[in-house]
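Q: Could you take a close look at one part of this protein for me? I'd like to see how that part sits in the rest of the model.

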Amino acid sequence: MGEKNRVQTALLLVVYVLCLGRGDSALTKQQAEHLKSRLEAVKTRVDAVKIKVTQTSLTLNTMAETGFPQPTQSPGINIAEGKEAFQSSSILGMVASHAVDGNTDGDYYENSCTHTTQGTRDPAWWVDLGQSYTIGRVVIFNRQDCCQERINPFNIHIGASSRNPVTNPKCGGDYEMDVNQPSISILCQGMTGRYVGVRLPGSHRTLALCEVQVFSDVLPSAELNTTPTPAPGKAHHRFVYINIARGKQAYQTSVVWGKVAGLAVDGDTNTDYYADSCQHNAGEANPSWWVDLGKSFTINRVVIFNRQDYEPERLNPFNIHIGSSSTVTSNPQCGGDHQIDVNQPSISVSCQGMTGRHVGVRLPGEYRSLTLCEVQVFSGTDLYSELHRTRVPRPRTFTKWC
Ligand SMILES: [Ca+2]
Ligand SMILES: [Ca+2]
């Protein structure tokens, strides 16, 4: 359309609108209604384009920052629980679904662990998440009553293939878990897939898994919208893991370089000290850090993110204390001296059965330097009460590991 025609059309519209405004008969009521509906249709289309532009811009920004196409962050929901699971063989009714039944008990005789046929080549277990997810981490709970060493070494595979998981890409290489720990948390950030598998490479291997949890950094909004509100009668079978330390008041026995205690509960797990999200104590005897959760919780596990850019071995050995005293090192210890694998950014320590308002980390010894990039505390209260806070969490009686 030429410039002259555009001006003429605009003038005609102005005349029509003026006529409308005066109630003039130059434009019939029918014509006015027609023009009005046309204008509203155009306005609706312009609004839709505006929304689309805003959404595209947000997505592009998120992709530029994270490399992931989905902007929604995970609230720490185990996306493997209750999903369909498979394994290369089964014995004695210890079926694949036992590793996604929501029960992390490491006692084989509690009937919540899997078991493949004794001594096979490359035994494997895998879960179908139902759709593809961007994976954040995989947490594996090992059998604890016997034979803990059988799991080492193991591989994790993540991908789109529904066959034996060996056909999918590996997350990392051969993992070795600390056989004195009930679980290991492995970061697989950036991997995407519908199938997550655990495989024991080699001959004469036997695979027993008491639970495999899969956490996505990026959850589709549909998953977020459908997660809450299980049937109240079944609430005690479901667990939600929320980091109850994040943003809470934190303390430490000394501070250097302005690296205050709050940096370990700022929600940022970056293990590069220079990303300004790690706390730092001065070199001292028994340096400690602790967080006040604001009230007492039943603790499930504590996840510690170590400094990785320099001397990660400084963290070893460390203790975890949980209890009601604000002098946190006077509280009961969760386990003994813990050791983190210095090649791993984090360690997940099970403290099931412990209760307390204050959770602390202490380095025992004469001259130690403490640097924690993040400390996450997860409570094992059931999903219904955690979301609705209408019931007091049931006291737990597990004391096995702490
Ligand atoms: Ca289980
Ligand atoms: Ca941090």
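A: Helix α3, residues 221-226, has the lowest mean pLDDT among the elements of the protein, at 30. Another stretch with pLDDT below 50 covers residues 54-75, and there the model shows 24 contacts beyond near neighbours in sequence. A word of caution applies here: where pLDDT is low, the predicted coordinates should not be read in detail.

Now for the other end of the scale. Strand β8, residues 249-252, has the highest mean pLDDT of the elements, 97. β8 pairs with strand β9, residues 288-306, in the antiparallel sense, over 4 bridges. Within that pairing, Ala-250 has Val-291 of β9 as its bridge partner. Ala-250 also sits on the covered face of β8 together with Gln-252, while Gln-249 and Tyr-251 make up the uncovered face. In a regular strand, side chains alternate between the two faces of the sheet.

As for the whole protein, mean pLDDT is 78, and 72% of the residues reach 70 or more. The secondary structure amounts to 4 helices and 13 strands. Of the 402 residues, 38% count as buried. And if you take the contacts between residues at least 6 apart in sequence, 76% of them join residues at least 24 apart.

Definitions and conventions. Residues numbered from 1 in each chain as written. Chains lettered and ligands numbered in written order. Predicted model: local features only at pLDDT ≥ 70, side-chain atom pairs only at ≥ 80, totals over all residues. Helix = DSSP H or I, 4+ residues; strand = E, 2+ residues; numbered from the N terminus. Buried ≥ 20, exposed ≤ 12 C-beta atoms within 10 Å, placed from the backbone. Contact = placed C-beta atoms within 7 Å. Pairing = 2+ DSSP bridges. pLDDT = per-residue confidence, 0-100.
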